Amino acid sequence: MTRKKNFKSSSWSKGSNMTNDAQFRRRKYYNYYYDYLRSIILQMFKWENLPETVDPRYMEMSLYELGYVALYNNPDKKYGMMCCRGAVSQLNYYNQPVDFKVAMNRYTTSFKLYNYGMTKDINKGVLIGNNDLRKPLRTVIELFAHELAELKEVTRMNILNQRMPYIIKGSEKNMLSLRNMFQQVQSGNEAVFVDEELQDDSVSVFNLNAPFVVPQLDTHQSHIFNEIMGFLGINNANTQKKERMVTDEVNANNSQVINSGNVFLKSRLEGCELYNTLYKGVDGIKEINVIFREEETSNLISQMISTTGGDVRG
């Protein structure tokens, strides 16, 4: 009876484990960068005079994940002013949504939305967008986090390749001698002694010759990180070495940063304006406002970079 061969070798098993380990690390790197970038975004804006029943963290989390929220003065005094997640429907002649259907934990309802040119009705709600397109930032941050995680894993592999740059090929009878030679070299012996029967032509050495490109990878990772900060409207120029940037470059960067930050600030301020127009003075409701904390965020990042001795890249 012919015995079936078992193709599950130890080398195959180890290779599979290495693949799983790499995927595990990449997922951990991704989670790190995603949570770090999300945490920066959630503290970028400071809301002023929000009613006590409105959680600013929940509001910013909703804007980040969904792209818009609604503020609604619930007639039921048990709830008061609410920050609502949900879906919009119906469009008016300005292509602005008219209806809002709430979808929250333990709470569902629907109401009309107040907008420009409409009759004031305190039973309506006000829509606040993350930007003029009412698009969330979550998918963008996922993309950047994936790219940073991939670069981190590539950097790690390049460092590991510096440790094992050779593949040695020999016959089975020479394998023990070759291992002993390699161990003597790694131990730093002044001389390595071999048997005279070991012939040069019986051994082949393959030099992987992996170039050390970690500095270039770190530079590229810094560029990606700076691109993210610029996209969010956070001035990251002061984290660059002074000799790398001249005054004109700094001014151009500042202009781009301001324009990027206004993308997210403008829609929030317009939401505040609608809210104040509709609700100011009703049941003692105060005017609300929102501030972009760009300088505070930039200083926080700079402090973290100076503490770690380099860019915050894990």
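How many salt bridges does the count come to by this rule, a side-chain nitrogen of Lys or Arg within 4 Å of a carboxyl oxygen of Asp or Glu? The count comes to 10 salt bridges. This is a predicted model, in which local features need pLDDT of at least 70, side-chain atom pairs count only at pLDDT 80 or more, and totals for chains, interfaces and linings use all residues. Residues are numbered from 1 along each chain as its sequence is written, and side-chain values use heavy atoms, with hydrogens and water left out.

**View A. Packing of helices α3 and α5.** Helix α3 (residues 138-161) packs against helix α5 (residues 214-232) at about 170 degrees, the axes being 10 Å apart. The two are therefore roughly antiparallel (an angle over 145 degrees). Contacts (heavy atoms within 4.5 Å) involve residues including Phe144, Leu148 and Leu151 of α3 and Leu217, Ile224 and Phe231 of α5. The contact residues divide into 11 nonpolar, 4 polar and 4 charged.

**View B. Salt bridge between Arg25 and Glu153.** The closest N and O atoms of this pair are 3.0 Å apart. Arg25 lies in helix α1 (residues 10-42) and Glu153 in helix α3, so the bridge ties together parts 128 residues apart in sequence. Glu153 is buried at 3% relative accessibility (buried means under 20% relative accessible area, exposed over 50%, partly exposed in between; 1.4 Å probe, protein chains only).

**View C. Salt bridge between Glu65 and Arg85.** Here the closest N and O atoms are 2.8 Å apart. Glu65 is in helix α2 (residues 56-66), and Arg85 is in the loop between β3 (81-84) and β4 (86-91). Glu65 is partly exposed at 22%, whereas Arg85 is buried at 17%.

Technical notes. Axes fitted to C-alpha atoms, helices over the stretch in contact; angles between N-to-C directions. Helix = DSSP H or I, 4+ residues; strand = E, 2+ residues; numbered from the N terminus. Parallel < 35°, antiparallel > 145°, perpendicular 65-115°, else oblique. Nonpolar A, V, L, I, M, F, W, Y, C, P; charged D, E, K, R; others polar.
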